Amino acid sequence: MQITHIRTIPLFGETPDTGWSQGTDPSENMNTLVEVETDEGLVGLGSCFTSQALVEGALDLLRPHLIGESALEPERVSEKLHQMTFWQGRGGAVTHAISGIDIALWDLLGKACGQPVGRLLGGAYRENIKPYGSLLFQRSEEDLRENLLKAVERGFRAFKLGWGPFGRIDRKTDERLVRLARETVGPNIEIMVDAGGSEQFWPHGYKWALETAHMLADHDVVWFEEALPPDDIESYTRLRAHAPLLIASGEVFTRRQSFIPWIERGALDIVQPDTTKVGGISEVRRILWSACDHNILLVTHGWNTAVGLAADLHLAAANPTARWVEYITHSPYVETILTEPFKLDEEGMLTIPTAPGLGIDLDREAVKRFSGGV
């Protein structure tokens, strides 16, 4: 079975607010779907966390090394793409594009074999997983409370709150927001906090992060994410050693090689590769086993589409220590583009698909609403 064609589908019109200081225009294209077609009629679905323009630019480099290749060997083909774009790739949009292609190739392999991707990754350790709803901190206490209560009503039993005013006004504001969140959801729902230290010109260093970590622990927060600029491995290593809660980061890194020093030096309790950016399922699988060998948790970052979430669910199935999966709430790109949307069960869990491949099908009419008719 050979690859014959690659198609991209931009998503825009309902792009969720990222919390970045410049804001996010709903019409901005931040997620792009990828379809890999074969000479036997099978089509694989993938997703990239970058714009269609950048994916198409990367495909100008990648197509000569991809068309005519086997559609049933995702790890070998994806590694070939990494190797053949050594000088113009090694991260950025090229790796983001390879991510979507790799996910689509795993989807194809599963469909051809009649097996779910999670089983092909080594076997399923679980049938379901707890999603944490990703929400932004709001300046208005009433808006924050209302968003949390709505998400609780939808069945979420864990939340990650981040960005917004947190870390950007003063310590009193930070604690007020966290206290309000805990009082709103009660003691039995998990809360994680993401400072958003990868934002432009992040002003805080190790001492701020350590003091904030103690405050968060006082409110029973599970983990502290991106407390520092994403390349400050020295401060992260110290923070992990002295913080009273789990320390998480890694969403901005691409390629497995970027994670090696962070894992080997014990800079993090939780590594957070983004499957739609880091190089796809093949790269996350390699990062996962390196993390497991060093007793570090892996929780995929997913500011995502339904296709990206499906990939993360299959990785969670094959992860022996998986505990959570990220789920943006609310995002039409997650919740409205599948013929059978994901649903939380009564325990606040997501069932991992068991149909062949990623186990999902696009609702083509829904996709057209967010793709300019593509």
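This is a predicted model: local features need pLDDT of at least 70, side-chain atom pairs count only at pLDDT 80 or more; totals for chains, interfaces and linings use all residues.
Residues are numbered from 1 along each chain as its sequence is written. Local features need pLDDT of at least 70, side-chain atom pairs count only at pLDDT 80 or more, and totals for chains, interfaces and linings use all residues, while side-chain values use heavy atoms, with hydrogens and water left out.

In soluble globular proteins, nonpolar side chains tend to be buried together. A nonpolar core is taken as a set of buried Ala, Val, Leu, Ile, Met, Phe, Trp, Tyr and Cys residues joined through side-chain atoms within 4.5 Å; buried means under 20% relative accessible area, exposed over 50%, and partly exposed in between (1.4 Å probe, protein chains only). The largest nonpolar core has 87 residues, and Phe-166, Phe-224 and Phe-342 have the most contacts inside it. Helix 11 (residues 306-317) gives the most to this core, with nine residues; helices (H or I, at least four residues) and strands (E, at least two) are DSSP runs numbered from the N terminus. Apart from this core lies another, of 20 residues, including Ile-6, Val-34, Val-77 and Ala-104.

Side chains of opposite charge can pair when their charged atoms come close. With a salt bridge defined as a side-chain nitrogen of Lys or Arg within 4 Å of a carboxyl oxygen of Asp or Glu, the count comes to 25 salt bridges. In one of them, Arg-7 pairs with Glu-35, and the closest N and O atoms are 2.5 Å apart. Arg-7 lies in strand 1 (residues 3-11) and Glu-35 in strand 2 (residues 31-38), so this pair ties together parts that are 28 residues apart in sequence. Arg-7 counts as partly exposed, at 30% relative accessibility, whereas Glu-35 counts as buried, at 2%.

Lys-111 forms a salt bridge with Asp-107, with the closest N and O atoms 3.1 Å apart. Because these two residues are four residues apart in helix 3, about one helical turn separates them. Lys-111 counts as partly exposed at 27% relative accessibility, and Asp-107 as buried at 1%. Elsewhere, Glu-69, Glu-73, Arg-76 and Lys-80 are linked in a network of salt bridges.

The second largest pocket is lined by 18 residues, of which Glu-340, Phe-342, Pro-353, Gly-359 and Ile-360 lie nearest its centre. On a 1 Å grid over the protein atoms alone, a pocket is an open set of points where a 1.4 Å probe fits, with protein on both sides within 12 Å along at least five of seven lines, and lining residues have an atom within 4 Å of a point. Helix 3 (92-113) and strand 12 (350-351) each supply at least two residues of this lining.
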